[in-house]
Amino acid sequence: MSFLTEPNVVWVLSGSALIGVLLGVLGSFLLLRREALLGDAIAHAALPGVVLAFMITASRHPFVLMGGALVTCLLGNWSVSLLRRWSSVRSDSALAIVLASFFAAGIFLLTILQGLGSAQQSGLDQLLFGQAAGLKRSDFQFILFLTIATLLITVLVFERLKVITFDSSFAASIGLSVFSFELFLSLLVGLALVLSLQLVGIILVAAMLIIPPASARLLTDRFSRLVAGAGLIGGAAGVCGALLSWFITDAPTGPLIVLSASTAFLAAFLLSPRHGTLPAFLRRRRLKRNIREENILRALYLQAEEEDRRRALPLSLIAARIGLPLRSVQRAADDLKSRGEIVDSGFHEYELTETGERRAKEITRYHRLWETYLLQEAAIPPSHVHADAEDIEHFLTPELEMELVRRLPREPERDPHGKVIPEKEDS
Amino acid sequence: MSQFWLEFWVVITAVLVGLNASTVGSFLVLQRNAMLADAMSHAVLLGLVLAVLFVGSREPTFLFVGATAVSLLTAYLALAVQRRGLIREDAGIGISFTSLFALGVFLAAIFSREVDIDPDCILYGEIIFIPFDRVEWLGVELGPRAFWSLLLTFVVSLMVILFCYRQLKLTCFDPLFSQSIGVSVEWWKFVLLLLTAVVVVVSFRAVGAILILGLIVLPANTALQLSRTLPGTIFWSWAFALIAVALGYLGAGLADASVSASIVLASALVFAAVLIFRGAIAQRASRS
């Protein structure tokens, strides 16, 4: 790959990857502490610091500007906590107030600077949108150092961080210093944001604190995997964004890094096995179909029970009994037929097969056992137990069935309405 | 145009932006949705870019519709991506607006020839150029376009608040109760978000995407330090917005700085002063 031979590209690429990892890991703690937007306010607070540092020292040395930015970032963070703790201002307003006030101060100073026609001020407003091409070796070394330090700290005191993140009052009660953790976290977040400004810019940098951890949150329920996943997604987004900006003419790196992360989030949001929209939709649909099929089987079984012989019923009658439109019943009946649980006995009438009857018996047994259980153990009147059993019959498992029988004084033969509870069949 | 009229229109525009922003701000702050305003104002950029790219004209109506639609979309996207217990509302806001803003910056950069949006305008607007974009109607010159759109917005939001005062108040203070007596919280939230979107869009040229947040949250929060009623909060927020515009305009002239940034900064200083003043009174009261 020829473009990798250009030294600047290597710095931008590896810098973006490291920034992604760093902000992803730090953002996980913020996300779980319900402070996702804090990074946005802190990042905006960097602007007056950079401008002031430049005004005072007239130097464009990165250390000077970053030092100034870090000071106002911490000041902004401190103002948010101050407002939340000592005033009646609500926590969302506290963020918005600090963000807007500090940013206004920054723009105020910046425009004074521009009015003075200072030749050197160019580059300052690049901080707002980021200018990845300007990333230098010294920036990269700084980022590398901070990332390694953050990862080391996270791994070494992981258990403590976990306790403080999830339950700070419990952590305080067992003697962990929540205050120093918060101070340390805000220092790390401040430093990481300041180092990322060159790459992503003030306005978008908060995205890298929020989006990778939120994506990881959708993929896992374990804290350690969440932190690692956020780092990985952040790093991957950094690499993708940097590569894309190389291949698309005129495309800025910062927004592309953020958009890569957004794509990862969108994928997790739609496809995550446990919390994704699509799997949840499919699960719901499968459940619905299952319930519909079981209701058809049971309607046929009840009819047969009533007349004491296996009976074929027209679909329209089944649909009316279970209160569903004919079309959806037709579809479910087709599925049942293809699995050999019911058979078409001509004239669109269906009857149960051996397998179908076994399944119908099982559901009916669940239904009637549950009714008996409710009546005997929960003292619910007989007139009220049916509706509840109608729902639960689809969710009971053989294990739960055994548990039900165990809890009843003796295995019942008839349900509260006097109907026979089918015997358990050996399968 | 004489210097007087230039300054006159700038001040009038600033006053109207302040009044508009603090009106919707009072409701947003009470609903604890302050950061939603931040998200919605950022999204204006993408709306403008899309309107220019798809319609291919800079007709103000298209720009207005595009920006308002995307701004509303951001708010609802923020609500849509949250998952109970997994991703809270604030994270949802952070995800939706940063993504759409990044998309806006990206599109503006790669289609820079067609779009040509000045980044400075996004950040702090260009209120001093407001007097030059004028409207004519039947050959009569009526004054700056921004003035009329801001005035119209203000009148409309006043009407909405006057006629639907009870519903808006209920959804701010007790959404559960209002739902129980048949007031649709969702609908009135939508009305408020629509008003907010319109306000951020019509104020965009004057103050940009980020500073409008200051005018939405600062006067309203200052007012909440002094008032315990909704009408009181709105009136005080207007008063503080006017004070901020006056101080900010003077400050900008003295320091030769951006008018809009100066107004927000003045608003922040007024907020800090009121907060300290309130704190001092509370302390004296508790001592005696």
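Here are a few worked exercises on the two chains shown above.

This is a predicted model, where local features need pLDDT of at least 70 and side-chain atom pairs count only at pLDDT 80 or more, while totals for chains, interfaces and linings use all residues. Residues are numbered from 1 along each chain as its sequence is written, chains are lettered from A in the order in which they are written, and side-chain values use heavy atoms, with hydrogens and water left out.

**Exercise 1. Work out how chain B meets chain A.**

Step 1: start with contacts, meaning heavy atoms within 4.5 Å. Here 54 residues of chain B touch 56 residues of chain A.

Step 2: get the size. The size of an interface is often given as the accessible area lost when the parts come together. Buried area is that loss (1.4 Å probe), summed over both parts. For chain B and chain A it comes to about 4,500 Å², with 75% of it on carbon and sulfur atoms.

Step 3: look at the polar side. A polar contact is a pair of N or O atoms within 3.5 Å, one able to donate a hydrogen and the other to accept it; residues adjacent in sequence count only if both atoms are side-chain atoms. There are 9 residue pairs in polar contact between the chains, both residues at pLDDT 80 or more. Salt bridges (a side-chain nitrogen of Lys or Arg within 4 Å of a carboxyl oxygen of Asp or Glu) number 0 between chain B and chain A.

Step 4: assign the elements, with helices taken as DSSP runs (H or I, at least four residues) numbered from the N terminus. Helix 4 of chain B gives the most to the side of chain B that touches chain A, with 15 residues.

**Exercise 2. Describe the surroundings of S96(B).**

Step 1: check its cover. S96(B) is buried because its relative accessibility is 3%, and buried means under 20%, exposed over 50%, partly exposed in between (1.4 Å probe, protein chains only).

Step 2: list neighbours. Leaving out residues up to four places away in sequence, S96(B) touches T74(B), L77(B) and A78(B). A polar atom of the S96(B) side chain sits 3.2 Å from the backbone oxygen of T74(B).

**Exercise 3. Is S316(A) buried or partly exposed?**

Step 1: find S316(A) in helix 15 (residues 315–322) of chain A.

Step 2: read off 46% relative accessibility, so S316(A) counts as partly exposed.

Step 3: for scale, S316(A) and G67(A) are 78 Å apart, C-alpha to C-alpha, and 249 residues apart in sequence.

Definitions and conventions. Buried area = accessible area lost by both parts, 1.4 Å probe. Helix = DSSP H or I, 4+ residues; strand = E, 2+ residues; numbered from the N terminus.
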